[in-house]
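Let's walk through how to read a fold from its coordinates. Bring your questions and we'll take them one by one.

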Amino acid sequence: MHTIRTAFSTPILVRDMEESGPVNHRLMEIILDMESRTPGMKRSNIGSWDSQKDFLEWPYEEIALFKKWVINGIKEITLKATKQKYNPKAQDMLAHAWANVSRADSYRKIHNHESCTWSGVYYVKSDLVKEKSVSSGNIEFLDPRMLCIQAELPNSSFGSRVRVVPRAGRLVIFPHWLLHYVNPVEDDSLRICIAFNVKIESQSVKRRGGTMLPLQKAQQFAMAETDAPSS
Ligand SMILES: [Fe+2]
């Protein structure tokens with residue numbers, strides 16, 4: 001046998017939802033209204049507003065549709081991570097989510113998410129792609145192999161960062177343990193996003209969900225089981 005294996009790969013799903021414009025517009029209205037009526041939560045956010053983690057329980061049709069997008073994304077990245085061997089059922093997913101509104105000078109410190117299976121973010125509105133700066137408001141993921149930075153191997157991926165541009169309608173899903181941060185917003189543009197955590201509870205893996213509720217049952221609007229889209 002003679003081979004060079006690629007070990008410890010880390011999946012990051014980036015998917016642009018087609019024709020999400022009208023839904024995003026309504027989500028923006030819902031989130032800005034909530035921002036105007038409730039105080040922000042303090043997490044890794046600096047200078048921006050975070051809602052409570054009850055976003056998935058807000059009784060709006062658009063949020064029910066958002067859950068469907070999340071379920072499909074979770075299925076897709078789980079199939080990828082398990083080499084197509086595990087297609088999780090929606091009823092096995094627990095989740096919570098919170099909305100974020102970011103304006104000038106706001107950013108997010110380096111952090112990972114609480115213990116779960118997958119974490120993610122969906123961008124409802126982002127003016128930042130018009131920015132000259134390539135870093136303004138972008139989310140950047142750090143190489144989880146912490147000692148890689150000592151390798152000093154030019155042109156390798158060791159110790160590199162992965163940057164994702166926050167475009168409206170873009171869904172990003174990644175392992176909860178993957179460290180990331182958000183660069184400061186450099187002008188008066190508005191960025192609105194929804195962050196979420198999902199735990200998959202299978203018959204063989206039963207874990208406590210904490211504040212998470214069943215992703216399929218928590219919403220007011222009924223939602224059918226959906227299959228993962230072909231990539
Ligand atoms: Fe995060």
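Q: What is the mean pLDDT of the protein chain?

A: pLDDT is the predictor's confidence in each residue, from 0 to 100. Here the mean is 86, and 87% of the residues reach 70 or more. Over residues 218–231, though, pLDDT stays under 50. Where pLDDT is low, the predicted coordinates should not be read in detail.

Q: How many helices and strands does the protein chain have?

A: Helices (H or I, at least four residues) and strands (E, at least two) are DSSP runs, numbered from the N terminus. This chain has two helices and twelve strands, in the order β-α-β-β-α-β-β-β-β-β-β-β-β-β.

Q: What span should helix H1 have, and how far apart are its end C-alpha atoms?

A: The expected span of a helix is 1.5 Å times one less than its number of residues. H1 covers residues 21–37, so its 17 residues should span 24 Å; the end C-alpha atoms are 25 Å apart, which agrees.

Q: Which residues of H1 are buried, and which are exposed?

A: Count the other C-beta atoms (placed from the backbone) within 10 Å of a residue's own: 20 or more is buried, 12 or fewer is exposed, and in between is partly exposed. Asn24, Leu27 and Ile31 are buried in H1. They cover an arc of only 65° around the axis (taken from the directions from the helix axis to the C-beta atoms), which puts them on the same side of H1. On the other side, Pro22, Asp33, Ser36 and Arg37 are exposed.

Q: What is isoleucine 31 in contact with, leaving aside its neighbours within four places in sequence?

A: Two residues are in contact if their C-beta atoms, placed from the backbone, lie within 7 Å. By that rule, isoleucine 31 is in contact with Ala99, Val101, Val124 and Ile192. Isoleucine 31 is buried, with 22 other C-beta atoms within 10 Å.

Q: Which way do the residues of S11 point?

A: In a regular strand the side chains alternate between the two faces of the sheet. In S11, Arg191, Cys193, Ala195, Asn197 and Lys199 point one way, while Ile192, Ile194, Phe196, Val198 and Ile200 point the other, and all are buried.

Q: How many bridges join S11 to S4 and to S6?

A: Two strands pair if DSSP finds at least two bridges between them. S4 and S11 are antiparallel over ten bridges, with alanine 97 partnering phenylalanine 196. S6 and S11 also run antiparallel, joined by eight bridges; there, valine 121 partners alanine 195.

Q: Which residues touch the most other members of the largest nonpolar core?

A: In soluble globular proteins, nonpolar side chains tend to be buried together. A nonpolar core is a set of buried Ala, Val, Leu, Ile, Met, Phe, Trp, Tyr and Cys residues joined through C-beta atoms within 7 Å. In the largest one, with 41 residues, they are Met93, Ala95, Val124, Ile194 and Val198. Elements giving two or more residues to this core are H1, H2, S4, S6, S9 and S11.

Note on methods
Residues are numbered from 1 along each chain as its sequence is written. This is a predicted model: local features need pLDDT of at least 70, side-chain atom pairs count only at pLDDT 80 or more; totals for chains, interfaces and linings use all residues.
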